[in-house]
Amino acid sequence: MKNTDRLLIAFYAACAAVALYATWSHNLAFFAQPDNGGLAGFVRQSYANHAASSIANDILMVCLAAFAFMIAEARRLGIRHVWLYILLSQGIAVSVMFPLFLIARQRRLARAAG
């Protein structure tokens, strides 16, 4: 594996770790609030105003593009269990799972390069 592969993998891992903290610190704080409305309340508050709606819709569209890319690349490179990355994106965060998929992709590309 080349140094550029290692650097990319380290960068993707750092992105995933920061994203996990950045998303779940707020998710846990939200769900710890009394009368938060649960998952429906979370979605409802994601559309609380025009700014939040813009960000929510932006993330939704990026997710759709990322999922299409993940499926296409998984098929092309033979990366197994791509469905798991997509499923966990819904429960954890796409900002965590997409970099983890990119790690699997980079490792597969490095292995194929020799």
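Is the crossing of α3 and α4 right-handed or left-handed?

## Model and helix crossing

The crossing of α3 and α4 is right-handed (the near helix is turned clockwise from the far one by less than a right angle). This is a predicted model, in which local features need pLDDT of at least 70 and side-chain atom pairs count only at pLDDT 80 or more, while totals for chains, interfaces and linings use all residues. Residues are numbered from 1 along each chain as its sequence is written, and side-chain values use heavy atoms, with hydrogens and water left out.

The axes of α3 (residues 50-77) and α4 (residues 82-91), both helices being DSSP runs of H or I with at least four residues, come within 9 Å and cross at roughly 160 degrees, where axes are lines fitted to C-alpha atoms over the stretch in contact and angles run from 0 to 180 degrees between N-to-C directions. That makes α3 roughly antiparallel to α4 (an angle over 145 degrees).

## Largest pocket

The largest pocket holds about 970 Å³ of space; a pocket is an open set of points on a 1 Å grid, for a 1.4 Å probe, with protein on both sides within 12 Å along at least five of seven lines, and lining residues have an atom within 4 Å of a point. Of its 26 lining residues, F42, V43, S46, I59 and Q90 are the closest to the centre, and α3 supplies the largest share of the lining, seven residues.

## Second largest pocket

The second largest pocket has a volume of about 190 Å³, and α5 gives the most to its lining, with six residues.

Conventions:
Helix = DSSP H or I, 4+ residues; strand = E, 2+ residues; numbered from the N terminus. Parallel < 35°, antiparallel > 145°, perpendicular 65-115°, else oblique. Points joined across faces, edges and corners; volume = space filled by probe spheres on them.
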